[in-house]
Amino acid sequence: MLKKGPLYVLACYIIWGVLPVYWKALASVDSLYILAARIVWSLIFVGVILLMRRRGAAVRAVLSDRKELCRLMLAGVAVCVNWGSYIWAVNSGHGVDASLAYYMNPILTIFLATLVFREKLTKLQWLSVAVTFTGLVTAVIRYRQIPWAALIIGGSFAIYGAIKKGVRSNADISLFFETLTLAPAALVVMTVMELKGVGALGALEGARLVLLPTVGIVTTVPLLFYAVGIRVTPMSLAGIMMYINPTLQLLISVLLYHEEFTTTHAILFVFVWSGLALYLAADWLTGREQRKEKAVCE
């Protein structure tokens, strides 16, 4: 039976996995407007949480730390790209590509780690990157186009993770400043689109209007679950459970929304899943070696 920490992480991944249903319910609204609303309502919701928790001192500490503030602003831009491309993908019939993005994310993160942080990879990790890359090349040859949606979603999340690696702030403070950075532009977008008659008021009616304010809740709650749970959850377990998210997305896209799962999709997924299996195997072997070294030292 899972302990409370891993259960929080599991809840986060499940919420993320079923979010396509939420975005589909807002499909009549322009994706750009949904993105802007997500930023604004997330800021409001997390702001209320900070007030209730009396986190004013932590907010002031970030404001007096230029480096931390810059990191959070950059993280805000990266997560904006991730949110926007993901919402567009789901609502334009590319949910399969969105799920693929999060299967690819560990490999993209590994690749980014070698470029930015100069981390050394094992031979098995390099093989996992090579297998995934081979799948992408195969898809490009068969489709005669690059799977941009999956690469942008997965790549922006990998960049977001790389930026967050240097962030010291807790999840609530971090999300507050990330959304605060983007909120002025988001408010302008919402206002202009409403004045032009292409906002939410012209597309949603009755109870569906409530979905927009709750976008702050569905954005913030899983992040807070993750922040609480990951502190006491082994990274290996969290890494394996992460694939619940894209698996749910894939099942929802194909079974509920009847998106086409082509032969090319199947070939690409086989390569990505193979690369993922190699990555998990490399991670397990590295962990085993570290445990052996620790046991010898003790």
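This is a predicted model: local features need pLDDT of at least 70, side-chain atom pairs count only at pLDDT 80 or more; totals for chains, interfaces and linings use all residues.

Visitor: Over which ring does the charged end of arginine 38 sit?

Guide: The charged end of arginine 38 is placed over the ring of tryptophan 83, at 4.3 Å from its centre.

Visitor: How is a pair of aromatic rings described?

Guide: One gives the distance of the centres and the angle of the planes. In this structure the count comes to 14 aromatic pairs. One of them joins tyrosine 102 and phenylalanine 157, with 5.6 Å centre to centre and 75 degrees between the planes. Because planes over 60 degrees apart count as edge-to-face, this pair is edge-to-face.

Visitor: Where in the chain do tyrosine 102 and phenylalanine 157 lie?

Guide: Tyrosine 102 belongs to helix H5 (residues 95-116) and phenylalanine 157 to helix H7 (residues 148-164), so the pair links distant parts of the chain, 55 residues apart.

Visitor: Is tyrosine 102 buried or exposed?

Guide: Tyrosine 102 has 10% relative accessibility and therefore counts as buried. Phenylalanine 157, at 24%, counts as partly exposed.

Visitor: Which arrangement do tyrosine 103 and tyrosine 243 show?

Guide: Their rings are stacked, 6.2 Å centre to centre with 5 degrees between the planes. Tyrosine 103 is in helix H5, while tyrosine 243 is in the loop between helix H10 (235-241) and helix H11 (244-256), 140 residues apart. Tyrosine 103 is buried, with a relative accessible area of 3%, and tyrosine 243 is buried at 8%.

Visitor: Which residues do ring pairs link into a cluster?

Guide: The cluster consists of Tyr103, Tyr243, Phe261, Phe269 and Trp273, linked by ring pairs.

Definitions and conventions
Residues are numbered from 1 along each chain as its sequence is written. Side-chain values use heavy atoms; hydrogens and water are left out. Rings of Phe, Tyr and Trp (its six-membered ring) pair if their centres lie within 6.5 Å; planes under 30 degrees apart count as stacked, over 60 as edge-to-face and the rest as tilted. Helices (H or I, at least four residues) and strands (E, at least two) are DSSP runs, numbered from the N terminus. Buried means under 20% relative accessible area, exposed over 50%, partly exposed in between (1.4 Å probe, protein chains only). A charge sits over a ring if NZ of Lys or CZ of Arg is within 6 Å of the ring centre and within 35 degrees of the ring normal.
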